[in-house]
Amino acid sequence: MTTKKRGTKKSKSAKKATAAAKKSPAKRSPRAAFAVATDEKKTTAERAKAFAEAPLATIASDKSLQESLNVLRDRSQPIKVRLAALQSLQAATFSVIEFEPYREDYLAALRELVDDPDAELRQRVLGILSREKDGYVQKRLLEGLQDTSKALVPPEKALQLLSYDVHAEAYPVAREILNAPPNPEAKREALRLLSADANSAPVFEKLMRDKDEDRDVRQISAAALQAVKPKRFQEQAREMLLDDKEYDDIQATALTALEQFGDEKAVAKDQKLMDRVDELGKGKSAKVKKSAKRFMSRYGGEK
Amino acid sequence: MDVEIQINNSPNANARFLIWSPTRCRIRITNPAGAQGQGQPPIRISARTTANSGSVVFRKGTTGAFAASLQLGVPVNGNWVEFFAAGQFGRPSVSLNDVQIQAKHGNGNQVIGSTPCTVRIRKNANNLTPAERDRFIAAFAQLNNQGLGRFADFRDMHTSVSSPQAHGAPGFLPWHRAYLLDLERELQAIDASVALPYWRFDQGSPNIFKRDYLGESDNLGTVFFSATNPLQFWKTDGVTGINRRPFFNTNNPTGVRTEAQTLALGTTYPNFRTMEGNPHGSAHTSFGGSISSIGTAARDPLFFLLHCNVDRLWAKWQRANNRFNPAVAASFDSGAWPIGHNLPDTMWPWNGITGPPRPPTAPGGTMAPSPIVTAPGLSPRVRDSLDFQGKISAPACMGFDYDDVPFS
């Protein structure tokens, strides 16, 4: 009886799922969806949804690509529709072979939008072009950092976008921002951009050890120092672990780094450090205890 | 009496892994003292499990139903007797060696031999236990080793230059299946318990986008990690950190085709592979940041979980429509496609071929070998990716399975 009831329920559920799939907009042909997406008589929601539905319809032909680009460029179109068009076109770029004939037109259209009045659209466009290592956009972003009246996006965003293709000319600007950051986010992003710059190691070290610094800044500095000067990082991490006034989360970061990427020989023979980690593992902080446990497990010091 | 049990017909501990697809195992008597029966004492094989552990089922030959236990006559002369074991669907392992395959003599309760094993299955990333999650993250962080590790090859395999080998044509799904498998095997070389998890981009995934897991994004798109998460040291292309800004509510995603809609795209591969646009492309571009552009997507570990779900959808579609056999037309999209997208073509970069029409370099070398299967070979062809469970030909089994795609 029970089995029969269950069977019936499952069958209804399966039928419901099939019906839902049949009714769903996905059953609309890509061409039909595209017609809705580009029809100005339709509501904003309908058009945005239709764009999202069938990305490949935007590149079904040169005509459909141009229509999509027209929607994207047209400042009189609802911004939600323009953003949906951008997202759909960008999704189509993943079908590389099919997209290739339209790639140059697409990138050219995006370059036209770097000064668009809508901040969200501008930011997304700049992101796509930055990831394409677009020289024009890199130049404009750098100019905006050097002269705020020319800024296309806030400095923290510009730094983040420049980090997709780090060039040495970005380093001096990032260092300036690090020295006199307009906000905490800009300081953070400047640090990230500089993380491949071995010359910045002393700055990373200073920030990592500074207990008055923001936790995120210290964490990024630790990661950057670990990457460019691992031996120096290990020495500093050791000091931070031995310091009983150091913050828990920073000690957990130091432990995690040593456990994952530390110099096994140097760490394993450091009895003072081992004893200290053993002690930290018995402390109150869950984060430190977790990191200490993993550390002791790796270095064979479990007691 | 004592017996020896081998999984994958190997004494190697690295071979003690099972999936839903059947695995060759064998048993022999190593000490016949106390054996009862004429020349072939009856031996019962079963799995010792706990409430949350993996579980295993058995059968004698290559066909037939699996059962919780299996009775075999095993000769006292020490000759091997073969049997098949598989993970019990719905009961994957949660930790290494959490199941024991054990042997008992006749109807007795005394264990005369056992071997530990793991039912290693790709799972929904949102549902991993904290321990599974931590092991996966730690293995991934070590593979990358702050941009200096083997992961750099995987980063270099998926770039704008190489993308025509992997996108926009029928080889899209086979190439990414091989790519994920190669990465997964490298992760398993670091921690054998790890299986690549998948991100259900059509479902809320509150656990994944947290600081303890793949990180939490701020409005700028900078991803933050907890102090215990080794991904805080993630570095690719010389830059520390990950950029990822969701354009959707990660607890309730919209704008990406659901699983039901994707599976309903059609019963032939040309129809199904349109999923490359939506949900695949749409899932990528549901974020700002690295993952939303083809040349930078592999900088973000989430990329591999996204593609694992794409592959799972293909696996589910294959099962629903019986599309494992490359000889069946509807299983693939045959035609005059660019090189790397036709069934007989070898796939770059594992084939090592460079220069037009292939990319100028072939990072990473051949496919990582597996201690449990031989497929898809060191230089896989497109056709080698289809029969991933070994349904058509057992040796074609690639050694992975999904938690919601059974073998039978």
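Colleague: How many residues of domain 1 of chain B are in contact with domain 2 of chain B?

Modeller: Eleven, and they meet ten residues of domain 2 of chain B; two residues are in contact if their C-beta atoms, placed from the backbone, lie within 7 Å. This is a predicted model, where local features need pLDDT of at least 70 and side-chain atom pairs count only at pLDDT 80 or more, while totals for chains, interfaces and linings use all residues. Residues are numbered from 1 along each chain as its sequence is written, and chains are lettered from A and ligands numbered from 1 in the order in which they are written.

Colleague: Which residues make up the two domains of chain B?

Modeller: Domain 1 spans 2-119 and domain 2 spans 125-396, with bounds from an automatic or database domain assignment. Their C-alpha centres are 34 Å apart. On the domain 1 side of chain B that touches domain 2, you'll find four nonpolar, seven polar and no charged residues (Ala, Val, Leu, Ile, Met, Phe, Trp, Tyr, Cys and Pro are nonpolar; Asp, Glu, Lys and Arg charged; the others, Gly among them, polar).

Colleague: What is the strand order in the open sheet of chain B?

Modeller: Strands of a sheet pair through backbone hydrogen bonds, either parallel or antiparallel. Here four strands run β1-β3-β7-β5 in chain B, paired antiparallel. Strands (E, at least two residues) and helices (H or I, at least four) are DSSP runs, numbered from the N terminus, and two strands pair if DSSP finds at least two bridges between them. In chain B, β1 (2-7) and β5 (56-59) each have a single partner strand, so one side of each has no neighbour in the sheet. Six bridges link β1(B) with β3 (residues 23-31) of chain B, and B:Ile5 has B:Ile27 as its bridge partner in β3(B).

Colleague: At what angle do helices α12 and α14 of chain A pack?

Modeller: About 5°, with the axes of α12 (residues 184-193) and α14 (residues 215-228) 10 Å apart. Axes are lines fitted to C-alpha atoms, for helices over the stretch in contact, with angles from 0 to 180 degrees between N-to-C directions. So α12(A) is roughly parallel to α14(A), a label for angles under 35 degrees. A:Leu191 in α12(A) and A:Ile220 in α14(A) are among the residues that meet there.

Colleague: Where in chain A does pLDDT stay under 50?

Modeller: Over residues 1-14 of chain A, which have zero contacts beyond four places in sequence. pLDDT is the predictor's confidence in each residue, from 0 to 100. Chain A averages 89, and chain B has a mean of 95.

Conventions
Angles under 35 degrees count as roughly parallel, over 145 as roughly antiparallel, 65 to 115 as roughly perpendicular and the rest as oblique.
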